[in-house]
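Thanks for making the time this morning. I would like to walk through one structure with you, beginning with a sheet and ending with the ligand.

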Amino acid sequence: MMMHEPPNLVGLRGRLSHRVSLAKYTTWRAGGIADSLYLPADRDDLASFLRQLTVFEAVTVLGLGSNTLVRDGGVRGTVVVMHNPGAALAVMDGLVYADAGAASPKLARFAATHGCVEAEFLAGVPGTVGGALAMNAGCYGGEAWRHVARVEVLLPSGTFTVRTPADYAIGYRTVTRADGAPCDGIFTAAWFRFPQGDAVAARARIKELLQARIASQPLGLPNAGSVFRNPPGDHAARLIEACGLKGHARGGAMVSPKHANFIVNPKGGARAADIEALIAEVQARVLAQTGVRLEAEVRVIGEAG
Ligand SMILES: Cc1cc2nc3c(=O)[nH]c(=O)nc-3n(C[C@H](O)[C@H](O)[C@H](O)COP(=O)(O)OP(=O)(O)OC[C@H]3O[C@@H](n4cnc5c(N)ncnc54)[C@H](O)[C@@H]3O)c2cc1C
């Protein structure tokens with residue numbers, strides 16, 4: 001096996017490190033190492049970083065890792081972590097601007113504070129704005145792309161381009177290019193058009209939605225939200241529960257007894273292989289007992305350990 005050569009780069013303001021465990025960069029708190037990990041200082045710094053990588057260096061993007069399972073063998077090449085607590089949010093020309101590294105709940109609160117409505121659902125989606133764009137995150141009737149006016153994308157060449165929703169085909173938890181090709185590049189920013197409304201009511205709705213989540217989801221334990229997409233006309237959680245799988249465990253991973261579409265890592269000791277095997281087992285049991293083939297919503301990356 002060829003050893004990974006850490007890239008030798010100049011003039012960067014971000015933080016590059018090597019052989020970094022990705023467990024602390026995913027909400028499942030499981031998984032292997034990245035050969036290299038880059039925390040860009042900002043969008044220009046990220047562009048400079050990409051321009052200096054050889055075309056052979058594989059680049060994988062993570063936001064807050066709240067929809068991602070990293071296998072135990074880790075990720076070859078460089079993982080770019082977009083989450084940035086200092087990411088910018090602003091109101092400009094009637095639109096809400098967000099750096100892709102901003103946390104979606106921060107965007108929800110920012111929008112509400114500035115008298116915008118319909119961003120409230122993002123308060124309970126614990127990822128980044130970039131991750132919400134890549135996944136078309138949604139809940140409680142809201143969906144990220146419904147409000148996008150335009151996005152900025154950093155292409156692998158290190159140049160920026162601005163696109164509109166017409167450039168994409170957007171569906172339930174899926175986004176591709178308009179011609180069906182996978183999304184290219186890294187989302188670096190987005191401009192959202194939210195309707196103007198009652199700021200007090202929007203903040204109250206955020207509170208209400210968060211309380212509903214606390215009541216129904218195992219938020220105190222490492223998890224990655226809904227593991228499976230809801231099949232048409234049904235709920236994955238209902239099917240999994242009907243198959244008697246609540247509380248079913250595999251190694252350190254367990255189907256949450258609180259919400260059947262969540263897999264939790266209760267002691268923080270699950271291997272990614274436990275989680276992946278449990279996902280496969282749930283799929284097989286639900287298929288055998290109900291005839292419904294559940295599709296994973298979480299994204300699995302990296303090499304088996
Ligand atoms: C407790 C909990 C509740 C959740 N509830 C919901 C919910 O109600 N609705 C919902 O839709 N999801 C939910 N999720 C899942 C998850 O939070 C969302 O999918 C979120 O949008 C993922 O954002 P992230 O930054 O963590 O993405 P990651 O997990 O880091 O990445 C997900 C995918 O997006 C890509 N990506 C990330 N950033 C970028 C970028 N800047 N440019 C290009 N690609 C990028 C990654 O390469 C990867 O393929 C929940 C998760 C948890 C843990």
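Before I name any partners, one convention is needed: two strands are taken to pair if DSSP finds at least two bridges between them. Please also keep in mind throughout that what you see is a predicted model.

With that convention in place, look at strand 1 and strand 2, the latter covering residues 33-39, which run antiparallel and are joined by six bridges. Within that pairing, Leu16 has Tyr38 of strand 2 as its bridge partner. These two strands belong to an open sheet of four strands, whose order is 1-2-5-3 and whose pairing is mixed. Strand 1, residues 15-21, and strand 3 stand at the edges with a single partner strand each, and therefore one side of each has no neighbour in the sheet. From one strand to the next, the twist averages 30 degrees.

Lying across strand 1, strand 2, strand 3 and strand 5 is helix 1, residues 43-52. Its direction is at about 160 degrees to that of strand 5, which spans 75-81.

A separate pairing is the one between strand 12, residues 168-171, and strand 13, residues 174-177, which is antiparallel and runs over four bridges. Here Ala169 stands opposite Thr176 of strand 13. The two strands form a hairpin with two residues between them, and Arg173, in the turn, has a positive phi of about 55 degrees.

Let me now turn to the ligand. How many residues surround the ligand, and which are the closest? There are 34, and the closest are Gly63, Ser66, Thr128, Gly138 and Arg213. By class, the shell divides into 15 nonpolar, 15 polar and four charged residues.

As for individual atom pairs, a ligand oxygen atom is 2.7 Å from an N or O atom in the side chain of Thr128, and a ligand oxygen atom is also 2.8 Å from a polar backbone atom of Val61. On the nitrogen side, a nitrogen atom of the ligand has a backbone N or O atom of Phe187 at 2.9 Å. Taken on its own, the ligand has 970 Å² of accessible area, and the protein covers 92% of that.

Which elements give two or more residues to this shell? They are strand 3 (59-62), helix 3 (129-135), strand 8 (138-139) and strand 14 (186-192), and helix 3 gives the most, with five residues. Strand 3 thus links the two parts of this talk, since it stands at an edge of the four-stranded sheet and also contributes to the shell around the ligand.

Technical notes:
Residues numbered from 1 in each chain as written. Predicted model: local features only at pLDDT ≥ 70, side-chain atom pairs only at ≥ 80, totals over all residues. Heavy atoms only, no water. Near = heavy atom within 4 Å. Polar contact = N/O pair within 3.5 Å; in protein donor to acceptor, adjacent residues only side chain to side chain. Areas by Shrake-Rupley, 256 points an atom, 1.4 Å probe, with all protein chains shown as cover. Nonpolar A, V, L, I, M, F, W, Y, C, P; charged D, E, K, R; others polar. Axes fitted to C-alpha atoms, helices over the stretch in contact; angles between N-to-C directions. Contact = heavy atoms within 4.5 Å.
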